[in-house]
Every structure is written in structure tokens, then in C-alpha cells.
Amino acid sequence: MIAASSATAEMPAVPGECKDAPGAGRGIAPATQGLIALLMYLAAWLAAKASPLLIHPGWAQLSQGGMDPNFYVWSLRWWPYAIAHGLNPLHSSLVRVPAGADLAWITTIPPLALLAAPVTVLVGPVVSFNLLVVASLPVSAWAAFILCRRITCRFWPALAGGAVYGFSTYETSHVASGQLNLAFAPLLPLIAYLVLAWWEGKLGGRAFTALLGLAMAAQFYLFIETFAGLTVVLAVALAAGYALAGRRRRPVVARLIGLTGLAYLLALVLAAPYLRAALEHVPPGFVRDPSGQGLDLVSLVSFQQGGALGLKSLALAGGWHPPLPKGGYIGVPLLAIAAFLALFTWSRRLTRFLTIMFAFVVVAALGPAVKMYGRTLFELPWHSLWYLPIVRSSFPTRLMIFGSLALAVITASFLVAPPKKLPWLYPLQWLLAITGIFIVAASAATLQLSRGPGVPAFITTGEYRHYIAPGATIVVVSHTGNAGLLWQAETNFYPRLAGGFLNEVVTRRTALPHPVANLVIGKLTKQDILRFRSFVRAARVAAILVGIHTLRKWQTVLAKLGFRRRVFGRVILYRPPGGWS
């Protein structure tokens, strides 16, 4: 894709030529090199940030103040449960009771849920989630590594390129938020790898079309917004490849365009059930302003997180502290690499292609307007496209994942060899690349990990079964983000749940039903009490579970409303008065 059809003169002319290239790792099979790279990425990720997730894999600990991590824990349990029970996985009547929830516009990561299903069934969804968080960045980096090695035929430059992609600010910021749909991103470099394998004659047309269609369908199910971005970037990449290929190779690129179109049709056929459900259940009344979700130019060179080495203090001292969207930071060294590669090797088709694609992605990620320090400088000529239906709910800055991939290949290509007339530059090239990777990694968001198991013993020991009937409806009130979905997933959907945060399209920013949440928002009125009682009857709420460390006002209000309580360690169980359930 990013390094696709125009990687012509620079590709090995003969299959297997890489094995004789200097620095290609002679004597070590490519598969072994890939395994070594994966282990190196994994070791670095564990040593830097992720080891607690392996030390306590059964603890719900990542970003427990936010909503997303426990939603994805729920999703990992939901798909195997729905399939095993013959349920429609795109609709659930077990959450958001009594209405239930359509899940077609909810990112429930079915590819990862099915991949991790054996682990989920055996040891639980929290373990699956933690293992996927641990694997996400190393696997994404590994996928970029094999793409870069395919292009450069060098192990160490490819290793650096893989790190640029897998440990980019885009990746680390989303994994810190527990957003598996964005942090787990190996499919994009693998799609580009398939294009190169076909170009070199390693894949026939049928195999290429089938594998590419499967990969694109998997990306659709993983996250539809990234698939939409892939569609746009792929179209531009093929057009650029055709323009740069030259008269002799254009027929080959034209055939690639045709095969890619067939693969795209295959992907849409495979995604048809999901796509049909999404189009039939478009959530009403919710749109974002894309101008607030675009890339800020300052974020390309401004430390956004500063999670290590005092970089946050350096950023603040420099006056760089606007609220910046996630994933835009690249840093001066890596931008310099892109500029130097273009300056010294512009005659190469691959350089021109990568430069064009990187520039296109950055401009597209700006969204409808150019901004600096959060201020709009001017609107772009195509700004109206961002306000089309559905498109206006997207995040332009999320296109930067494609920029990270282009930059990974640029970095690997930059490190292959020095300019012919300037061999003394080679150590400086490596110094620049290592500095760029180090600064990006050091400025990444710190993983917010809570101490302790995260799920109370009342749930983990199965004690809840003695006090709550199977299929009974509960409400969960906790300072833990999305605790209701977490506890329901841990019980394998034993109770039904009134509430649960799915995403902003459906539930905005609360995990509680509004009639319940309103009990502690402002002054409690008679109207609030009437709405609450009506909701409890309609949803047939059997119990309200309140975390022991939750705002004490909940205990006061529920006692005032006549709820009977019983304490189980870290959980207080409240039963409604009368026979409402």
C-alpha cells in the first residue's frame, strides 16, 4: 500500500536476491530474522512499560479511570459468548437494559475477540485483554519490519523502520488508552507486503486477490474508520504509483489496480453482514465537528505526552502546551530523515513515492483547516468533504497511522547506505534515526496502571450467584470506568446490565442510565426520584451494586429511597423496596 506499486527499480530483480545483499543477515533465514525482531520489540516494550500486565495478567489495571479498556474486555467476551449461544453478535439485549444495544456502530473488535477466544474461555477476558495490549505494539512493529526488510534487504534498517511504526506516538497513545482497535495495527504493513510480494512474482494473481481481500475485510471488522482511511490512501497510492511507474511498467500497475479492485469487492462481500447492519441502524442525532479532530501542525514537533526523561517539563518550558489530538507527534529528527532522503535520493521512484504519500497523509490528517496552537489559520479548499454524512464523525488525525507507516519505510531506506559521495555520513544517519526513535518513545504516554486485581472478590469468587438470579438485571456504580461491563464480562454474562458505556455515538460519556446518574447530579428533585423509580420498574432492576470506594452520596441517596443494603467486602449490594424485579 504505502510502499506499493511504484517500488519498481529499487526492488530485487530476481526473487531471493536479498540473501546476498550486504547486511541482509546471511546465514539467517528471513523467518528467523522476523522472529528475532519480534522478540526484540517485545523485550523493549516489556522492559519499558508493559511488564506489570504480564506479572498480573488477571488484574484489570490499565487506565481504569477511562471507559475504553473495560469496554474492550467486554467485547473480547461478547463475541465467543454470542456465537456459542446462537445470538446475533451485532445486537445485545444484555446491556443497556431495557432497550438493548445495536453494536454495528460499536467497535467490538471481532477479529481480536475470535483470535483470543481460547484464552478468554479458559482464563477470562481480562487475561486476553492484557495479553493483547502486551502484543499490540510489538506485533505492529514486526509487521512493519517484514515490510521494510522486503524493501531494503537489510535487518538493522528494517528493525529501525519497524520501531518507527510500532512505537510511534499514534500507537503508544492509543494503547495507553486501552483502545485495541487502534493500537493493534499489523494489517496495514501486511497489506503493503502483499503488494510487494505480488510485484516480485512471489504471489499469483488469485492468491494475491484472495489474501488482500481477507486482510482488508479483517481491517474492516477490526475498525471501520481505519478501513475507510485505507480506501482513500490506497486509491491515492495506486494513482501515484501509476504516475511514477513510467511507460514500460504502467501496464503492470494497471493490472495491480484491477486485482486490488477485485480484492476490495471480496472484502466488501465478506463485510456485507456488518455493513448491512450498520446502514440499517445509523445512530440518530450524533455528529462530531471534524475541525476539532484534525492534526495541529505544532503537534508534529511538539512533545504531546512527555511521559519520560522530563520531556513534559521541556515541552511546557517551551510554551508548547495546546490540547493536541493523539498521535500527531513525529519529532524533528524523523522529519529531517524524510527531508534528507528526498534531498539525496529524489531520483529514485521509491523516494518520490514515499515522499508524496507522507505529504498527502499529513495534509489529509489536518482535516478541514490548517491549525497551529489550536487556532485555525485558514480552511483548506476541500474542507466541505469533511462535512459529508458519516465522514464528519471521523477523526482526521487518525490518518497519521498511514504517515507512520510511510515514515517507517523512509527511515529504513535512509539507513541502507550513505550517499555515494559522502560515506562519512553513515554514522550520523544512524545517530539521527536512533535519536528520533528514542525521543518519540521517551515522549510516549505513560501507562496508567492501577494496583490490585481491579475486580472485587464478590465477582471473581462467584459469590454473586448466591444473591443474584441468572439473567436478573443489575446496575453497577463504581469509580472504575465501565465497571458494569467489566463485571458482566467476568461473570460470562450471568446478569443483564442496565447501563454500560459503549461509545459516544450511543451512550455519550456515562456508563450509567441517565435516570440513575441524575440521582447524584446537582440537587435531588422529586422529578429525579420519579424518573428513577420508573426506570427501575421498566428495567426490572433486581440489585444495584455499588463499589465501596464510590462517592458516599450514592449510599445516602439509595438509603433515602428505601433500598436495603448488604456489604460484601468491596461491594455493597442494594435491593429495591417492593417487588419491582
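Let me begin with handedness: a crossing is left-handed if the near helix is turned anticlockwise from the far one by less than a right angle, and right-handed if it is turned clockwise. With that in hand, hello everyone, and please keep in mind throughout that this is a predicted model.

The crossing of H9 and H12 is right-handed. Helix H12 covers residues 250–270, and its axis lies 12 Å from the axis of H9, with a packing angle of about 135°. That angle makes H9 oblique to H12. Which residues meet here? On the H9 side we have Val195, Trp198 and Trp199, and on the H12 side Val252, Val253, Arg255, Leu256 and Leu259. Sorted by class, the contact of H9 with H12 holds seven nonpolar residues, no polar ones and one charged residue.

Now a step back to the whole chain. The protein has 24 helices and nine strands. Of its 581 residues, 56% are buried.

Helix H16 runs over residues 349–365, and it packs against H17 at an angle of about 155°, with the axes 9 Å apart. Angles over 145 degrees count as roughly antiparallel, and H16 and H17 are therefore roughly antiparallel to each other. Is their crossing left-handed or right-handed? For H16 and H17 it is left-handed. From H16, the contact is made by Leu350, Leu354, Phe358, Val361, Val362 and Ala365, while H17 brings in a list including Met400, Phe402, Gly403, Ala406 and Ser413. By class, that contact of H16 with H17 has 12 nonpolar, two polar and no charged residues.

Helix H7 spans residues 169–176, and its axis comes within 11 Å of the H5 axis, the two crossing at roughly 170°. So H5 is roughly antiparallel to H7. Here Val133, Ser136, Leu137 and Ser140 of H5 meet Glu171, Thr172 and Val175 of H7. The residues of this contact divide into three nonpolar, three polar and one charged.

Let me turn to salt bridges. How many are there? The count comes to three.

One of them joins Glu200 and Arg150, with 2.8 Å from N to O. Glu200 sits in the loop between H9 and H10, Arg150 sits in H5, and the two are 50 residues apart, so this pair links distant parts of the chain. Both Glu200 and Arg150 are buried.

Another pairs Arg398 with Glu225, where the closest N and O atoms are 2.9 Å apart. Arg398 lies in the loop between strand S4 and helix H17, and Glu225 in helix H11, so the pair ties together parts that are 173 residues apart in sequence. Are these two buried or exposed? Arg398 has 18% relative accessibility and counts as buried, because the cut-off is under 20%. Glu225, with a relative accessible area of 19%, is buried too.

Then there is Arg276 with Glu280, at 3.0 Å between the closest N and O atoms. These residues are four apart in helix H13, so about one helical turn separates them. Arg276 is exposed, at 58% relative accessible area.

Asn181 is found in helix H8, residues 180–183. Its relative accessible area is 5%, so Asn181 is buried. What does Asn181 touch beyond its neighbours within four places in sequence? Its contacts there are Tyr72, Thr107, Ile109, Leu222 and Phe223. The C-alpha atoms of Asn181 and Leu112 are separated by 8.7 Å, and these residues are 69 apart along the chain.

The other residue is Arg375, which lies in strand S4. Arg375 is exposed, with a relative accessible area of 63%. Between Arg375 and Asp296 there are 8.7 Å in space, C-alpha to C-alpha, and the pair is 79 residues apart in sequence.

Technical notes: Residues are numbered from 1 along each chain as its sequence is written. This is a predicted model: local features need pLDDT of at least 70, side-chain atom pairs count only at pLDDT 80 or more; totals for chains, interfaces and linings use all residues. Side-chain values use heavy atoms; hydrogens and water are left out. A salt bridge is a side-chain nitrogen of Lys or Arg within 4 Å of a carboxyl oxygen of Asp or Glu. Buried means under 20% relative accessible area, exposed over 50%, partly exposed in between (1.4 Å probe, protein chains only). Axes are lines fitted to C-alpha atoms, for helices over the stretch in contact, and angles run from 0 to 180 degrees between N-to-C directions. Angles under 35 degrees count as roughly parallel, over 145 as roughly antiparallel, 65 to 115 as roughly perpendicular and the rest as oblique. Contact means heavy atoms within 4.5 Å. Ala, Val, Leu, Ile, Met, Phe, Trp, Tyr, Cys and Pro count as nonpolar, Asp, Glu, Lys and Arg as charged, and the others, Gly among them, as polar.
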